[in-house]
Amino acid sequence: MDTLHLNDSNVKMVAHRGLSGLETENTCAAFVAAGNRSYYGIETDIRRTADGKFILFHDNDTKRVGMDELVIEKTTFDTLRALRLCDKDGTKTRKDLGLATLEEYISICRKYDKVSVLEIKGAYKPAELEQVVNTIREMGWLEKTVFIAFDLTNMICLREMLPDQKLQFLIGSYPDWLLDTLKKYHLDLDIQYKALTAERVKELHDAGIEVNVWTVDSLEDAQRMVEYGVDYITSNIIE
């Protein structure tokens, strides 16, 4: 695995969907692999199941990672938990590769003292967000959790619920309205790295906004982000 030599930089490395360059994404195996390395944080995705529970998975359905095509929000929690996912070589021989729960993920982050970076997938009702927040709070890990989402409504709701929580708005571009919106709702930024320039990072920092970039998998791109002065780099494989 390549290692980014940060020199005097304070950039924090985040493992994207766990160490997904090495282990199947969003599995406990990927979270543990990240936990055993120097990452600052471990990122994952949370979705609702058909019976109102929560499971950690990125896509709308399981086909890409599990072959069997189960739509997450139309499938029960127990059915999803029984599904075996593919290893990196495409085989289904490992019994430990299944869909993880929020509790398993937080437990691993706690064990290895890693910040949890939790992406809320889809539009949630306030009560659903509160359920996720309360689970993490009860496990004693809310202060070491960063919530991220593409859905601005989720971010606004979380800000109202958690005035001092670290929240990062996810976006793939840098529209004219972005800076004012981040300032209005006291949000940090998690942005596709190609949308950034050094000038934009300075503009954000001058407004007191932290910058995370996704998903950076080459040392060349990572070093450029370090030179821009970003605060976090999210990567599948760079440590």
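Visitor: What does Thr135 touch, not counting residues up to four places away in sequence?

Guide: Leaving those aside, Thr135 touches Leu102 and Glu103. Touching here is a contact, meaning heavy atoms within 4.5 Å. This is a predicted model, where local features need pLDDT of at least 70, side-chain atom pairs count only at pLDDT 80 or more, and totals for chains, interfaces and linings use all residues. Residues are numbered from 1 along each chain as its sequence is written, and side-chain values use heavy atoms, with hydrogens and water left out.

Visitor: Why is Thr135 called buried?

Guide: Buried means under 20% relative accessible area, exposed means over 50%, and partly exposed is in between (1.4 Å probe, protein chains only). Thr135 has a relative accessible area of 17%, so it counts as buried.

Visitor: How far apart are Ser107 and Met139 in sequence and in space?

Guide: They are 32 residues apart in sequence, and 8.0 Å apart in space, C-alpha to C-alpha.

Visitor: What makes a group of residues a nonpolar core?

Guide: Such a core is a set of buried Ala, Val, Leu, Ile, Met, Phe, Trp, Tyr and Cys residues joined through side-chain atoms within 4.5 Å. The largest one here has 59 residues, and Leu118, Phe147, Val213 and Ile233 have the most contacts inside it. Helix H4 (residues 102-112) gives the most to this core, with 5 residues. Apart from it lies another core of 11 residues, among them Phe57, Leu80, Leu85 and Leu99.

Visitor: Which residues does Val213 touch, not counting those up to four places away in sequence?

Guide: Its contacts include Ile191, Leu196, Met225 and Ile233, as well as Asp190 and Thr234.

Visitor: How do you know that the protein agrees with a compact globule?

Guide: The radius of gyration is taken over C-alpha atoms, and the globule rule is 2.2 Å times the number of residues to the power 0.38. With 239 residues, that rule gives a value near 18 Å; the protein has 17 Å, so the two agree. Of those 239 residues, 54% count as buried.

How values were computed. Helices (H or I, at least four residues) and strands (E, at least two) are DSSP runs, numbered from the N terminus.
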